[in-house]
Amino acid sequence: MDVGVAKPILASIPFELLLYINGWWFAAYWLIEVGSSIFKVTVLPYPVAYFVGEWLLMIVIIVLECLREYFGSKGNLTERVLSLVIFLMLCIPVAMSHVYYLLWQLYVLRIEVIVNSISLLFIVVEFLFSILSIVQFARSANKRINT
């Protein structure tokens with residue numbers, strides 16, 4: 001390794017900014033889901049089994065989303081492909097859970113359609129940014145190996 005030779009920074013600022021904004025968005029999403037769940041339980045005839053199942057899924061979403069954000073940010077800032085691959089794999093179950101809340105839960109409120117659509121948009125854009133970052137990191141690693 002050459003001493004004094006600066007390695008270019010490949011971390012994607014737009015991707016990191018998107019992850020940061022999504023972190024705040026997910027907190028707002030969770031608060032909206034809590035409010036809509038309280039509304040549905042108090043106003044609509046909501047079976048307890050469905051309510052418990054949907055809240056267990058929400059807990060799983062919270063854990064997976066936190067892990068997804070962590071691996072996305074870590075992979076981007078440290079320029080590690082493996083962390084971004086884990087991020088990509090975590091995008092799939094999180095997106096599917098948002099699709100469930102968007103289409104298949106017992107009662108779907110209009111606000112839930114809006115917030116789950118926004119969440120899916122974040123996931124898709126972050127997915128694309130992570131693929132671009134993986135390609136960029138892999139090309140850089142390949143150039144270092146070949147030189």
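Helix α2 is followed by glutamate 79, whose phi is positive, near 60°. The model is predicted.

**Helix α2**
- Helix α2 runs over residues 48–78 and has 31 residues.
- At 1.5 Å a residue, α2 should span 45 Å.

**α1 against α2**
- Two packed helices are described by the angle between their axes and the distance between the axes.
- Helix α1 covers residues 13–43, and its axis comes within 10 Å of the axis of α2.
- The two axes cross at roughly 175°.
- Angles over 145 degrees count as roughly antiparallel, so α1 is roughly antiparallel to α2.
- The contact of α1 with α2 has 13 nonpolar, six polar and seven charged residues.

**Phenylalanine 122**
- Phenylalanine 122 sits in helix α4, residues 110–146.
- Its relative accessible area is 15%. Buried means under 20%, so phenylalanine 122 is buried.
- Beyond residues up to four places away in sequence, phenylalanine 122 touches Leu18, Ile21, Asn22 and Trp25.
- Alanine 95 is 27 residues from phenylalanine 122 in sequence, and their C-alpha atoms are 9.7 Å apart.

**Glutamate 126**
- Glutamate 126 also lies in helix α4.
- Glutamate 126 has 0% relative accessibility, so it counts as buried.
- Setting aside neighbours within four places in sequence, glutamate 126 is in contact with Phe15, Leu18, Leu19, Asn22, Arg68, Glu69 and Phe87.
- Residues three or four places apart in an α-helix point the same way, because there are 3.6 residues a turn.

Methods: Residues are numbered from 1 along each chain as its sequence is written. This is a predicted model: local features need pLDDT of at least 70, side-chain atom pairs count only at pLDDT 80 or more; totals for chains, interfaces and linings use all residues. Side-chain values use heavy atoms; hydrogens and water are left out. Helices (H or I, at least four residues) and strands (E, at least two) are DSSP runs, numbered from the N terminus. Buried means under 20% relative accessible area, exposed over 50%, partly exposed in between (1.4 Å probe, protein chains only). Contact means heavy atoms within 4.5 Å. The expected span of a helix is 1.5 Å times one less than its number of residues. Axes are lines fitted to C-alpha atoms, for helices over the stretch in contact, and angles run from 0 to 180 degrees between N-to-C directions. Angles under 35 degrees count as roughly parallel, over 145 as roughly antiparallel, 65 to 115 as roughly perpendicular and the rest as oblique. Ala, Val, Leu, Ile, Met, Phe, Trp, Tyr, Cys and Pro count as nonpolar, Asp, Glu, Lys and Arg as charged, and the others, Gly among them, as polar.
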